[in-house]
Amino acid sequence: MGFGFCSKPLFLFLSFLFLFTILELSPLVESASDYTTLVYKGCSKQAFSDPSGLYSQALSALFQTLLSQSMKVKFYKTTTGTGQTTINGLFQCRGDLSNSDCYNCVSQLPTLADKLCGKTIASRIQLYGCYMLYEVSGFAQISGMEMLFKTCGATNVAGSGFEERRDTAFSVLENGVTSGHGFYTTNYQSVYMLGQCEGDVGDSDCGECIKTAVQKAQVECGSSISGQVYLHKCFISYSYYPNGVPRRSSSSSYPHSSSSSSGPGPNTGKTVAIIVGGAAGVGFLVILLMFARNVMKKHDDS
């Protein structure tokens with residue numbers, strides 16, 4: 001009977017301990033990385049007439065081709081359809097995304113294009129980690145230097161020496177994108193920079209595009225702590241972190257204005273939760289050990 005008395009509590013103790021170990025060792029489930037977050041959309045005002053369904057078929061074939069290629073490369077440009085139903089399209093992923101992240105990002109684009117633009121003769125959908133555009137053959141072309149979208153952080157840091165640091169970082173970025181053949185990131189004195197050109201733009205033209213984007217950022221964003229400027233053929237992003245640039249995984253987004261600030265980063269809450277959860281877990285383990293000790297002591301006394 002004495003043995004039966006201690007076996008059940010001991011079994012419960014081991015079960016709780018096993019469950020606790022599983023919960024502590026299991027990785028935290030994180031939400032989808034923000035590289036799939038929408039930045040902007042560009043939709044033609046003209047919808048295509050498609051009584052025969054040929055446009056829809058060509059567009060569907062284009063999406064399928066782009067999606068299949070996104071598992072292999074970061075940039076791909078192609079054409080589908082024939083005659084008046086010819087459609088040109090491309091996708092590009094951020095240069096620091098893995099192949100799987102690139103595919104995950106691009107896989108969002110066809111649905112978003114249909115949802116946000118409908119059956120227009122041209123559209124461009126930009127996410128933080130990738131973008132896609134398509135246009136019916138003959139669609140009016142725009143300059144590669146034309147600004148499509150810009151956003152600037154709400155916080156200003158004028159008079160702190162920030163603009164000098166940022167402008168030096170811009171110079172490093174301009175040179176780096178050219179030598180990096182279209183993609184470059186840098187961290188200069190707590191200013192994080194990223195620049196990328198469309199995959200078929202040559203090094204010289206890429207450098208000119210990034211230079212134009214930098215000039216627009218300086219004028220448009222002034223002393224803002226962060227900013228993004230998207231031209232037709234390139235884009236840049238920058239953020240200033242007074243306490244040092246935080247580490248980021250390859251799948252996390254580059255800094256953007258909505259989350260850029262001089263305060264604690266977005267992972268602060270998660271860190272606090274981990275610390276509190278760990279402390280609670282240790283306390284729980286101590287209680288279980290004390291319980292087991294008392295059970296064993298009663299068993300010995302019996």
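Cys-209 and Cys-234 are joined by a disulfide, with 2.2 Å from S to S. Keep in mind as you look at this bond that the model is predicted. Why does this pair count as a disulfide? A disulfide is a pair of cysteine sulfur atoms within 2.5 Å, and the S to S value for Cys-209 and Cys-234 is 2.2 Å. The torsion about their S-S bond is about -90°, so this disulfide is left-handed. The link reaches between distant parts of the chain, since Cys-209 sits in helix H6 and Cys-234 in strand S10 (residues 234–240), 25 residues apart. Both Cys-209 and Cys-234 are buried.

Helix H6 also holds a partner of another bond. Cys-221 lies in helix H6 (residues 203–221), while Cys-152 lies in strand S6 (residues 147–152). These two cysteines form a disulfide with their sulfur atoms 2.0 Å apart, and it connects distant parts of the chain, 69 residues apart. With a torsion of about -75° about the S-S bond, the disulfide of Cys-152 and Cys-221 is left-handed. Are its two ends buried or partly exposed? Cys-152 has 24% relative accessibility, so it counts as partly exposed. Cys-221 has 4% relative accessibility, so it counts as buried.

Now turn to Cys-105 and Cys-130, whose sulfur atoms are 2.1 Å apart in a disulfide. This link is left-handed, with -90° about the S-S bond. Which parts of the chain does it tie together? Cys-105 belongs to helix H3 (residues 99–106) and Cys-130 to strand S5 (residues 130–136), so the bond ties together parts that are 25 residues apart in sequence. Cys-105 counts as buried because its relative accessibility is 0%. Cys-130, at 1% relative accessibility, counts as buried too.

Here are these bonds side by side:

| Pair | S to S |
|---|---|
| Cys-105 and Cys-130 | 2.1 Å |
| Cys-152 and Cys-221 | 2.0 Å |
| Cys-209 and Cys-234 | 2.2 Å |

How many disulfides does a search of the whole structure find? The search finds six. You can follow the pattern by numbering the bonded cysteines of the chain in sequence order. The pairing then reads 1-5, 2-3, 4-6, 7-11, 8-9, 10-12.

Definitions and conventions: Residues are numbered from 1 along each chain as its sequence is written. This is a predicted model: local features need pLDDT of at least 70, side-chain atom pairs count only at pLDDT 80 or more; totals for chains, interfaces and linings use all residues. Side-chain values use heavy atoms; hydrogens and water are left out. Helices (H or I, at least four residues) and strands (E, at least two) are DSSP runs, numbered from the N terminus. Buried means under 20% relative accessible area, exposed over 50%, partly exposed in between (1.4 Å probe, protein chains only).
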